[in-house]
Number of protein chains: 2
Amino acid sequence: MIVTADFVVSLDGYLAGPGIAPDNPGGDGAEAIFAWLHDCASWRERQGLEGGVEGPDSEIVREWFDGTGAVVMGRTMYELGAEFWGEDPPFRTPVFVLTNRPQETLVKKGGTSFVFVTDGIHSALDRAKAAAGGRDVDIAGGADTVRQYLAAGLIDELQLHVVPVLLGGGLRIFDGLGAVKGPLEKVRVVDTPLATHVKYRFTKG
Amino acid sequence: MIVTADFVVSLDGYLAGPGIAPDNPGGDGAEAIFAWLHDCASWRERQGLEGGVEGPDSEIVREWFDGTGAVVMGRTMYELGAEFWGEDPPFRTPVFVLTNRPQETLVKKGGTSFVFVTDGIHSALDRAKAAAGGRDVDIAGGADTVRQYLAAGLIDELQLHVVPVLLGGGLRIFDGLGAVKGPLEKVRVVDTPLATHVKYRFTKG
C-alpha cells in the first residue's frame, strides 16, 4: 500500500490552464491536455460509457484506477465534480474530502462514498489508508491539495502524464514545495504519441 | 537548417536553482541536474578533457554539439562563462552575444569567435543563420534569452533533458511565454537512467 498521485500536465507543468472559474474548472485550453484521457477505453468504462481507445495509454489509466483503494481530494475539486459524477461516480472506492464544514457521509452507487474530513490532511490520509483494503491511496487533487501532500512528504509515487501542449499559465503542480527538494527515483517512462507517462518515487532521506 | 534550443531542466522545470549569483551561476542544487552532462564523454571532449561515459546520453549531447553551426547567447551567460571557457571554448563555431554595449569580435582557438550584436534578437539570429554553414543555430541561453526567442516563435525544435530532481525554485524555462501557447509535435523521447530526453517541434499555426 502506497500513496500515489497521478496528474495530467502540459509540457510547461500546468494541470489547469488560465482563467479557472466554476464554469471553466480546467481553465482555458485544458481540453487539449485531457482529450487523450477522455478517449481511453478504461476512462470511459469508469464513466459508464461505451467504446474508446484501447492501447498503452488506456492500460496505464486502468492500472492507476484498479490500483486505487481509496481517494483523497480537496473540497473545491469535490464541489466542481459532484454534479458531473452524479449518482454512480467513477471512483468505486471511499473518497475522503478535505473540508472545514462537517457533513454526513454520502453513499453512492458502485462502491463510491464521500466522507468529509475536517481534521486535516494527515487524518484524511490515515482514514483513507485504513479504508483502502491493501490497495493504494490516490491523492486526486486539486492543485492545492496535491501540493500540501507533496510538501508534507506524504506521497510515495507521482505519475505525470505529460501532454505536448503549452498552456502558458494556470495552476502548476510544482509550486511552493519547499521541503521536497532533492532527487527522485525514476520508476518508469512510457512514451506514446499522445503523452509521456513518467512515474517517480520519492526517496526517503 | 533549423533553430534549436537544448536545456537541462529539473522535473519541476527549472534550468537554474534558487540563489543565483555571480559566484553561483547555476543556483543552489544545480550540480545535481548537470552531473550527468559533465560525465558525458562528448561533453568532456569539447572541454578538452579525457574520459567520461559513452552511451545514449553522451550520443544525444554529441548529436546536439555536432549539429550546431552557430550559437546565440545572452550577455549574462557570456560574462558568467567567459573565464571558464578560456582561450579554447567548447563551441567551435561563431557565437553571437546579445548586448547593449558594442565590442570588437573576439576570435578564440578551435573555431570559436564571440560576435557582439547590439541590434536585437532577430538580427543576432539572422547573422547566426548566415554563419552556420547549413548546420543548426542553437539558442544557448540564459533563461531570459531563450524565453525571448520562444515568445517570438523563433525556435523550431526544443530538446529538454529532464533530470529526476526537484529544485523547488529558481529560473524556469517556461515563464511569461504568452503567444507560444498551443500544441507541439513530439519528435523523440529517449529515456535513460540519468535523464529523459524529450524533443519537440513547434508547429507553425
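Begin by selecting chain A, whose secondary structure comes to six helices and 12 strands (helices, H or I, of at least four residues and strands, E, of at least two are DSSP runs, numbered from the N terminus). This is a predicted model, in which local features need pLDDT of at least 70 and side-chain atom pairs count only at pLDDT 80 or more, while totals for chains, interfaces and linings use all residues. Residues are numbered from 1 along each chain as its sequence is written, chains are lettered from A and ligands numbered from 1 in the order in which they are written, and side-chain values use heavy atoms, with hydrogens and water left out.

**Chain A as a whole**

Along the principal axes, the C-alpha atoms of chain A fill a box of roughly 45 × 45 × 35 Å. The radius of gyration of chain A is 16 Å, which agrees with the value near 17 Å that a compact globule of 205 residues would have (the radius is taken over C-alpha atoms, and the globule rule is 2.2 Å times the number of residues to the power 0.38).

Strands of a sheet pair through backbone hydrogen bonds, either parallel or antiparallel.

- E4(A) and strand E6 (residues 113-117) of chain A pair in the parallel sense over five bridges; within E6(A), Ser113(A) is the bridge partner of Pro94(A).
- Strand E11 (residues 182-191) of chain A and strand E12 (residues 196-202) of chain A run antiparallel and are joined by seven bridges. Val190(A) has His197(A) as its bridge partner in E12(A), and a hairpin of four residues joins E11(A) to E12(A).
- E11(A) is also joined to E9(B) by two bridges, and these strands run antiparallel. Here Gly182(A) stands opposite Leu166(B).

**The sheet that runs through chain B**

Now select E9(A)-E11(B)-E12(B)-E8(B)-E1(B)-E7(B)-E3(B)-E4(B)-E6(B)-E5(B), the order of 10 strands in an open sheet of mixed pairing. Its edge strands are E9 of chain A and strand E5 (106-107) of chain B, each pairing on one side only. At the chain A end, strand E9 (residues 165-166) of chain A pairs with E11(B) in the antiparallel sense over two bridges, and Val165(A) has Pro183(B) as its bridge partner. Elsewhere in this sheet, strand E1 (residues 3-10) and strand E7 (residues 136-141) of chain B pair in the parallel sense over two bridges, with Val137(B) as the bridge partner of Val3(B).

**The interface**

Display both chains together. In contact (heavy atoms within 4.5 Å) are 27 residues of chain B and 27 residues of chain A. The two chains bury about 2300 Å² between them, 62% of it on carbon and sulfur atoms; buried area is the accessible area (1.4 Å probe) that two parts lose on being put together, summed over both. In chain B, Leu11(B), Leu166(B) and Lys186(B) lose the most area to chain A, together 27% of what that side buries.

Next, select Arg172(B) and Asp175(A), which form a salt bridge with their closest N and O atoms 2.9 Å apart. The count between the two chains is four salt bridges (a side-chain nitrogen of Lys or Arg within 4 Å of a carboxyl oxygen of Asp or Glu). The elements that give two or more residues to the side of chain B that touches chain A are strands E8 (157-163), E9 (165-166), E11 (182-191) and E12 (196-202) of chain B. E11(B) gives the most, with six residues.

**Backbone details**

Finish with the backbone. Most residues other than glycine have a negative phi, and most peptide bonds are trans. The peptide bond from Gly141(A) to Gly142(A) is cis, with omega near 0°, and Gly142(A) is placed in the loop between strand E7 (136-141) and helix H6 (143-151) of chain A. In chain B, a cis peptide bond joins Gly141(B) and Gly142(B), with omega about 0°; Gly142(B) is in the loop between E7 and helix H6 (143-151) of that chain. Last, select Arg92(A), which has a positive phi of about 60° although it is not a glycine. Arg92(A) lies in the loop between helix H4 (75-85) and strand E4 (94-98) of chain A.

Methods
Pairing = 2+ DSSP bridges.
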